[in-house]
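Welcome! Here is a short briefing to read alongside the picture and the sequence. Take your time and find each part as you go.

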Amino acid sequence: MERLRSLLFMPGNNPAMLQAGGVFEADAVILDLEDAVAPREKDAARMLVRAALHTVDYGASRTVVRINTLDTFGHEDIRAIVPAGPQVILLPKVESAAAIHDAVAAMKAVERPGQEPVKLIALIETPCGLAEALAIARADKRVIALALGAEDYTASLGAQRTKVGTEIITARNLLVNAAAAAGIDALDTPFTDVNDEAGLTADTQLAKQLGFKGKLCINPRQIDTVHDVFNPSEAEINWARRVLAAIRQAEAEGTGVVALDGKMIDAPIVSRAQRTLALARLQNPQEVEA
Amino acid sequence: MKNSLGRMLPETVAGFGAVKPFAGAFATTPSGVRKAPRQKTVLPKANKLVDNLEEVFRRIPVRDGMTLSFHHHFRNGDGVVNQVLAVAAKLGLRDLTIALSSVFPVHAPMVELMKSGVVTGLDTDYMSGPVAEAVSQGVLAKPVIFRTHGGRARAIECGDLAVDVAFIAAPAADDYGNINGVQGETACGSLGYAFPDAEYAEVVVAVTDNLQPYPLHPISISQERVDYVVVVDKIGDPKGIVSGTTQITKDPVGLKIAANAAKVIQAAGLIRDGFSFQTGAGGASLATAHFVRKMMKAANVTGSFALGGITGYLVSMLEEGLFRNLIDVQGFDLEAIRSIRDNPRHLEVGAGMYASPFNAGCAVNKLDVVILGATEIDTAFNVNVVTGSDGKIMGGSGGHSDAAAGASVTIVVANLLRGRLPIIVDNVLTVTTPGETVDVLVTERGIAVNPLRPELKEKLVTAGLPVRDIAELKALAEKMAGAPKAPPQGEKIVALVEYRDGTIIDVVRQYKACE
């Protein structure tokens, strides 16, 4: 299974960071050609990111490139970057399924023969994008996740962005719902105060509670905290084990309806328990087999 | 001849004498006795206060060829060395040896005095700035003697480094020669590196800008050993002496290395009651303390002591109850000064107690862990902290070799690539700290354990840490950056690198530009 607990942004015009990107053990690195790069440096950054994809070992981190919007430098980005074989393109400011179709067409046109198809994550950061989230999530099977960009979104609303995040609670819920409806993951907006570790923990816990499966990170220092929150806790692992044990026992005994601690176990519960154990196994292959 | 690390050494060196080759970190044992300065007497009503430095020079009297010693607690804010040497030059003195425990950019005026023959010898533990540059270029006829902080104490105690006059920069002093480092505008905290000088020099001079009524309280260096007290306008610049606070690095790679170093300590089973720890003030070293602090809190343990150069970060760990004591030979910031002044659990110790190998036991021997840096490390784990990638002098052991020898687990933290240069080489240009005293190298791309410590390697592997062979890490770096060529070197020996036991571990040759 995939796990994208943490996706670490790094500026596409910073050679030192691009070179070191693999050492932080994020589940994915996002080599950024968009907001981190000034317009007059787009060409240089594009060349640098392409070279990095060819030469730098990002270890266990998946490689994601955030390109520019298709109405600015996005098509040039796709032509230069996709043949270099990133695993995922992060498409910013997606507002419709049509944007996904355009991007996929452009990507297909430049993929090398035999190249593993490059996946897409749609960054939803406008009210229109949020309104179209389900259509975007279902637009193409290359779309593996929706990600929330709350800074631009709240600016569009004219709302003030706060640490507590009351202003984005609906956006978060809608995004998670659309992603779940399409059977893909939802990824949460970054927490922007890199010095506030307690704030990051609380914000990530909230995201996990709402159904997000991972979080965008803007600093390597955030990765361990985000992983700690998204990793299943000991209690969650024990619960999952008991759910699956109860199911096995029911199958052995041939009983139809299964209950655990007085609560009925149905398919979604089993699926959540299986996901929990799969995550736990990724964390610690030995201990979880039981 | 070659020493046990295969380094070519001369048999004798003019101005130094016979060279005793390094034979192993603990292979050389002492055979001599301590040196004693002459007895003296000061009659009742006699006055130790002298009007100015020039008058002190006349009274002692300072003569050609003498060795004058100084301590470096003022770092780049020091004002005493330059004032004293200006007097020496004015009086036409020649052929002096300066025994200054560390040399900083502020000591640039010494270069002219070297050229003019006022200063012909330098004995130090560390140097950076214009003096280091001039020495690398061959300004002195005699090689500089590089010692370790503990080795300097040993050399003074046994007479290898015979000090004629010790000038002690005194943040506070009374008119009878009692000194402390914790009062006054130029307070620097511990005066530990000056303790051996005060104890063993033939003549001791307190130089102060803060004369206090007798008796001074507290007393770090006492009137029994101090012959003269001179008041000058300023002994240093507080801005160069301390920083306001010492910050944890924000460099993400440095933090990654520090987090890995802390995991090594945890995996070695050392986060337990009684834990003892030393770390530096810079980059990944101090950041390691940050992660160790979290682990100690989570495990609810109380350490015994933190040692060495003390920062505000270690002070906060003392005050949180994470350590019972701090053992302080040098303070780095205002918090360290406040703490050593006010907290009886914060101990001031001399360089001998800190790190001398030839006494009845030094504090580094009691260390569980030390975190150290490196400019280069080789596949035998030998570390260079003396010369840079161009072959020029840019540092020195300080307490590096001492703490490495004493600690149960010595961890070197370093970026696998510094700038665009791999940190791991086949042979370091200048061996400072022998590989047998280095246990673990922690980089951002993996951890290497000295093959001499298989049991430690086993623990780190079991804990799931990314342990690699050091040759593998070297290959990884070279794959990214290529293998650097060793810098060219001249013939002339410009410095002898003395190991803490008095043997010679390596030499530094004159700088030669690449063609």
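Contact here means that heavy atoms lie within 4.5 Å of each other. Helices (H or I, at least four residues) and strands (E, at least two) are DSSP runs, numbered from the N terminus. This is a predicted model, in which local features need pLDDT of at least 70 and side-chain atom pairs count only at pLDDT 80 or more, while totals for chains, interfaces and linings use all residues. Residues are numbered from 1 along each chain as its sequence is written, chains are lettered from A and ligands numbered from 1 in the order in which they are written, and side-chain values use heavy atoms, with hydrogens and water left out.

**A helix inside chain B**

- Helix α5 of chain B (residues 149–158) is largely enclosed by the rest of the structure, because nine of its ten residues are buried. Buried means under 20% relative accessible area, exposed over 50%, and partly exposed in between (1.4 Å probe, protein chains only).
- Among the buried residues of α5(B) are His149(B), Arg152(B), Arg154(B) and Glu157(B).
- The buried residues of α5(B) pack against several elements of chain B, including β4 (67–70), β5 (96–100), α6 (195–200) and β27 (489–498).
- Just after α5(B) comes Gly159(B), with a positive phi of about 90°.

**Two buried residues in loops of chain B**

- Ser102(B) sits in the loop between β5 and α3 (110–115) of chain B. Ser102(B) has a relative accessible area of 2%, so it counts as buried.
- Leaving out residues up to four places away in sequence, Ser102(B) touches His72(B), His107(B), Thr124(B), Tyr126(B) and His149(B).
- Thr387(B) belongs to the loop between β20 (383–384) and α13 (400–406) of chain B. Its relative accessibility is 1%, which means that Thr387(B) is buried too.
- The side chains of Thr387(B) and Thr430(B) are joined by a polar contact of 2.7 Å. A polar contact is a pair of N or O atoms within 3.5 Å; within protein, one must be able to donate a hydrogen and the other to accept it, and residues adjacent in sequence count only if both atoms are side-chain atoms.

**Nonpolar cores**

- In soluble globular proteins, nonpolar side chains tend to be buried together.
- A nonpolar core is a set of buried Ala, Val, Leu, Ile, Met, Phe, Trp, Tyr and Cys residues joined through side-chain atoms within 4.5 Å.
- The largest core has 112 residues, and those with the most contacts inside it are Ile100(A), Leu146(A), Ile265(B) and Ile411(B). Helix α8 (residues 252–267) of chain B gives the largest share of this core, nine residues.
- A second, separate core of 85 residues includes Val131(B) and Cys188(B).

**Where the chains meet**

- Eleven residues of chain A are in contact with ten residues of chain B.
- Chain A and chain B bury about 930 Å² between them, and carbon and sulfur atoms give 56% of that. Buried area is the accessible area (1.4 Å probe) that two parts lose on being put together, summed over both.
- Which two chains does the rule link with two salt bridges? They are chain A and chain B. A salt bridge is a side-chain nitrogen of Lys or Arg within 4 Å of a carboxyl oxygen of Asp or Glu.
- Glu197(A) forms a salt bridge with Lys294(B), where the closest N and O atoms are 3.1 Å apart.
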